[in-house]
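I opened a new notebook page today. My plan was to look up a few features and write each one down.

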Amino acid sequence: MKASYKKYSILLVLFVFIYGCGIKNYIPENKRLYTGASIEIKADSTVQKISELQQDLSSVLSQQPNTKFLGMHLGLYYFYKNQQEKTNFLNRWLFKKFGQNPVYQSDINQLENKDILRNKLENYGFFYSTINSTFKEKEKEASIIYRLKIPKPYKMATYKIDSMVSPIYEEVKNLTTSSPIKNDSRFDLGSLKLERQRLDTELKNKGYYNFNSEFLLFEADTNRYKSKKFDLFLKLKANVPKKATIPYQIKSINVYPNYNLNDSTDVKNNRFQEKTYHQDTVFFEPKYLDEFITLKEGDLFNPLTSKNTARKLSSIGVYKFVNIQYKEITDSLTNLGSLEANIFLSPLTKRAIRAELQAVSKSNNFAGPELSLTYSNRNLFKGGETLNISTNIGYETQIFSSSSGLTSLELGLKGELIFPRVIAPFSINKDYFDYSIPKTKMSLSATYLNRSDLYTLLSGTGLFGYTWNANKYITYEFNPISVSYTRLSNTTDAFQEILDNNSYLESSFEQQFISGLTFSFTYNEMLSAAKEHQFYLQTTLDVAGNSISLFDKKTAETNTFLGLEYAQYAKADLDVRYHYNFGSKKEQTIASRFFAGYGYAYGNSDVIPFVKQYYSGGPYSVRAFSTRSLGPGTYDGNNTDDDSSFFDKTGNVRLEANLEYRFPIYSILKGAVFADAGNVWNTVSNADFNDDDGNITDKFTSNFINELGMGAGFGLRVDVQGFVIRFDLAAPFHDPSLEEGKRWDFRADEPVLNFAIGYSF
């Protein structure tokens, strides 16, 4: 194996060498390829962070060399190939997608670059610098060296406010006391621009509605000093309008809860909480809408308060447009302006029906159509409530397996009612939720599932809880009431045999009543697509059976509530993701993910219910293994002829890690290469998983790292404005179900094709 790697390494180095020579053969006789610039700095002893200064100066040069990939000018190579008389479609496509026009020595304008460097140095306070440049030439290549002699920089002695009119003078004077620009700081034009923006933001937050950062002017005076010192003066430009120098107060607030662009604003109105609501008939009760409006009569204008109001109103789920406009109603000769705030709210369609027809294909070889219908009624009780009633019907049949002919019929009905406020037996101060007001969710659902030749499953769930955003990135969800009931019936002899042969699975189906609470915390930066570094963290806690145990009926064998045996367990999940976006348009991504989950059964339960157990493998997990086909531990159930393998490959511990490189191919078509690792285990071994020699295979131990299922592959994605259809082809290279010594084997001839909607992480 080592000899093979060495051989491939030598071939790769030889290829790069031959390739490099080939590029030089394309360069015209009288041309030299520009390979870049280096900057040498000889600076005064007081100059700090020279290496950072070098990097900054290099980035502003007008001409940059052709880029390389693994030491090769691929973009340049495609350019030259496309210039040949006899080219082909592939060369033209490669040039269009990856090609680069060559940058030659003759393209470099030394005088222009010197002016750019000198201007940049002066912006940093290094005036009267000396700049020289020389080319370093080879037969087919040339680079340039810029030698800079940088003197002592100019530093600020004092920061003063020049004469301004009142009342803005007092405000600016107070704001400059907290300025990041301090005495003896180096002159920096960028810092002055940031200071001007800071002052503009602070002034607007204090009511200066008509102020603009362009009204501020900095002047530097060196006349008082022989050394390199200067006094910095801040003043207003000439002819700044009077209305820009006074704060504005909100005198009145008008709210239009049911506004249409074609409607007249001359409608009936009524006053509530110092706001005027305009609506001929009550579309939205003012007492419910008022808590989303943070603007108050008598307050100074503040854009942050305005944005907060718009965000809260948009979060109700009833309005498609929220438009807040301000109208000046003041005499500019006074020192306090007046504003009229008008809030125009354009509602969504009150009632809507959505139908979805899907073709479902699962990795357990079930495939078939599914139809779902959803009816929505927005603003049901004129308080922003949303009612969703959905029903679905799905039919699947199992193909391409030893159990071909099995069918599955699923019928579902769900009702959900969402209130855009907190419904609780106690009152909550609305000011506590500064960013957004929590929503109260209630839902009831029932599902009927019939699998031919196996069983019938009837289940129902009930949920009551809250969800809210603490800020742009953080979301909480708390469900103090979460109840589900599952009844297994019409079990066939074949399925009963599966249960008889797996006591662990049988126990997980026995406890059919689950009552508990769930809590989740989510930190999500993935919504900010422009960020270079994106983090995602989600933690979930699911606890069942504690509260209901206070009312149970204890017997010699088990505890029941209302005649039902209930489950007791605690389950915790951790999902961490990191995306690094790079490229000229952030179109390439290195995405990583780590997941850890643990479930603990106690009290009334020996194992956690089947629907709460973990499984591994599939399009959102370890993609080189089919859904539920991995684990638990080193268990090998792949040779099982019956249908039990779909059920029994679960556990109460799950660990997974994923790494993926995503890149664009053409238009909406994206590509990816990836590697996944993971598995599930049990903390208490199940004898049904023991191998033929009686060895335990499913228990989680310190040797778990050697029991991970690992695979790698590549994928194609069709990404249409965030709607992603994903195809991933992966093959395992470490299979824990095999004997030790045979697990490391890249089975490229046994790939698994995954089809899914959306990215895996």
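My entries follow, from the whole chain down to single residues.

**Ground rules.** I worked with a predicted model, where local features need pLDDT of at least 70, side-chain atom pairs count only at pLDDT 80 or more, and totals for chains, interfaces and linings use all residues. Residues are numbered from 1 along each chain as its sequence is written, and side-chain values use heavy atoms, with hydrogens and water left out.

**Whole chain.** I found 12 helices and 30 strands in the protein chain. Both are DSSP runs numbered from the N terminus: helices are H or I with at least four residues, strands are E with at least two. The chain has 761 residues, and 42% of them count as buried. Here buried means under 20% relative accessible area, exposed means over 50%, and partly exposed is in between (1.4 Å probe, protein chains only). I also looked up contacts, meaning heavy atoms within 4.5 Å. Among contacts between residues at least 6 apart in sequence, 64% join residues at least 24 apart.

**Arg-147.** I found Arg-147 in strand S3, residues 141–150. Arg-147 is partly exposed because its relative accessible area is 35%. Arg-147 touches Glu-40, Thr-130, Ile-131, Asn-132 and Thr-134, leaving out residues up to four places away in sequence. Arg-147 and Glu-40 are 107 residues apart in sequence, but their C-alpha atoms are 4.8 Å apart in space.

**Salt bridges.** How many salt bridges does the structure hold? I noted 27. Each one is a side-chain nitrogen of Lys or Arg within 4 Å of a carboxyl oxygen of Asp or Glu. Side chains of opposite charge can pair when their charged atoms come close.

I looked up Arg-196 and Glu-214, whose closest N and O atoms are 3.9 Å apart in a salt bridge. Arg-196 lies in helix H7 (residues 189–205) and Glu-214 in the loop between H7 and strand S5 (216–221), so this pair ties together parts 18 residues apart in sequence. Glu-214 is partly exposed, with a relative accessible area of 42%.

Next came Arg-623 and Asp-728, which meet in a salt bridge of 3.2 Å, N to O. Arg-623 sits in the loop between strand S25 (588–601) and helix H12 (645–648), and Asp-728 in strand S29 (residues 723–734), so the pair ties together parts 105 residues apart in sequence. Arg-623 and Asp-728 are both buried.

Arg-662 and Glu-660 form another salt bridge, with the closest N and O atoms 2.5 Å apart. Arg-662 is buried at 10% relative accessible area, and Glu-660 is buried at 1%. I then saw a network of salt bridges that links Arg-623, Glu-660, Arg-662, Asp-676, Arg-717, Arg-726 and Asp-728.

**Backbone.** Most residues other than glycine have a negative phi, and most peptide bonds are trans. The bond from Ser-166 to Pro-167 is cis, with omega near 10 degrees. Pro-167 is in the loop between strand S4 (155–161) and helix H6 (168–176). The bond from Gly-631 to Pro-632 is cis too, with omega near -5 degrees. Pro-632 lies in the loop between S25 and H12.

Asn-239 has a positive phi, near 65 degrees. Is Asn-239 buried or exposed? Asn-239 is exposed because its relative accessible area is 79%. Asn-379 has a positive phi of about 60 degrees. Asn-379 counts as buried because its relative accessibility is 2%.
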